[in-house]
Amino acid sequence: MREERYGEFVLVRRHGDGGDGHVSDGGAGHVAELALDRPKAMNAVSTEMARSIAAACAALGADPGVRVVVLTSTHERAFCVGADLKERNSFSDAELVRQRPVARGAYTGVLELPVPTIAAVHGFALGGGFELALSCDVIVADRTAVVGLPEVSVGVIPGGGGTQLLPRRVGAARAAELIFTARRVEAVEARELGLVDELVEEGRDREEALALGARIAVNSPVGLRAAKRALRVGHGLDLRAGLEVEDAAWRAVAFSGDRAEGVAAFNEKRRPQWPGE
């Protein structure tokens, strides 16, 4: 496993990489873990941390060897408690305006990753912390997880995508109730409501998310990126328009090297060696 830091508070681990650039043939060799690593503040997202998240996402998205990104936390009791309100309290209005694009860059960085993304959530995932998880394609949570968007209780609104991402998961009325009440939701109810996708035993969220990532990463990198693009762009469109998005994504992969290799490997009863193009 190879590690790389982005600033002080973000750690990227390349699983399956022995440090010499060699990766395993299995999916684990193409899974990158983006770990939130500001334990003294329970991963509260400061301006510096937001810049680091955005930078890490830009690097991972541009790396053709990355097929899956798993978003994790190094803190034992929290995934991320949201924005750094102590820092925010020190801002003038002008400073808050200048900081806004930096904060947005962290959330859009995760949201716009071109590969499948999985959040591994334990403990508190509140406000911007939950929005980082919502920006992922799949959320794996353990039984200690507590999620919510409490922003209206401190006089703001979810500003990291929560008002748009939550209703896409659970419907407009349920999202309105959760946002307007600012209530925290514990793990079992969160799974029942669809706020998280998989519920695992305490302490196993990271392990299970990485295992899921490895299962995904054995598949075609060209196919994975195209499938994600079709899912994201087509969501919310009427059926006819959505099918056109799907057709464009199909055309992008139909004549790729990955498609040729996948068909050949199937017929030859062997594991594909994806060219990634």
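Predicted model: local features only at pLDDT ≥ 70, side-chain atom pairs only at ≥ 80, totals over all residues.
Does T117 count as buried or exposed, and at what relative accessibility?

1. T117 has 1% relative accessibility and therefore counts as buried; buried means under 20% relative accessible area, exposed over 50%, and partly exposed in between, with a 1.4 Å probe and protein chains only. The residue is placed in strand β6 (residues 117–121). Helices (H or I, at least four residues) and strands (E, at least two) are DSSP runs, numbered from the N terminus.

2. Residues are numbered from 1 along each chain as its sequence is written, and side-chain values use heavy atoms, with hydrogens and water left out.

3. Leaving aside neighbours within four places in sequence, T117 is in contact with V69, V110, S135, C136, D137, V138 and K228. Contact means heavy atoms within 4.5 Å.

4. One of those partners, C136, lies in the loop between α4 (128–134) and β8 (138–142). C136 counts as buried because its relative accessibility is 4%. Residues up to four places away in sequence not counted, C136 touches L71, V110, T117, I118, A119 and R232. The C-alpha atoms of C136 and T47 are separated by 21 Å, the two residues being 89 apart along the chain.

5. Helix α10 (residues 239–254) has 16 residues and should span 22 Å at 1.5 Å a residue; its end C-alpha atoms are 22 Å apart, which agrees. The expected span is 1.5 Å times one less than the number of residues. Within α10, the residues G242, V245, A249, V253 and A254 are buried. Their cover includes α9 (221–234) and α11 (257–268).

6. Overall, the protein contains eleven helices and eleven strands. Its radius of gyration is 19 Å, in agreement with the value near 19 Å for a compact globule of 277 residues; the radius is taken over C-alpha atoms, and the globule rule is 2.2 Å times the number of residues to the power 0.38. Along the principal axes, the C-alpha trace spans about 60 × 50 × 40 Å.

7. Of the 277 residues, 47% count as buried. Among contacts between residues at least 6 apart in sequence, 65% join residues at least 24 apart.
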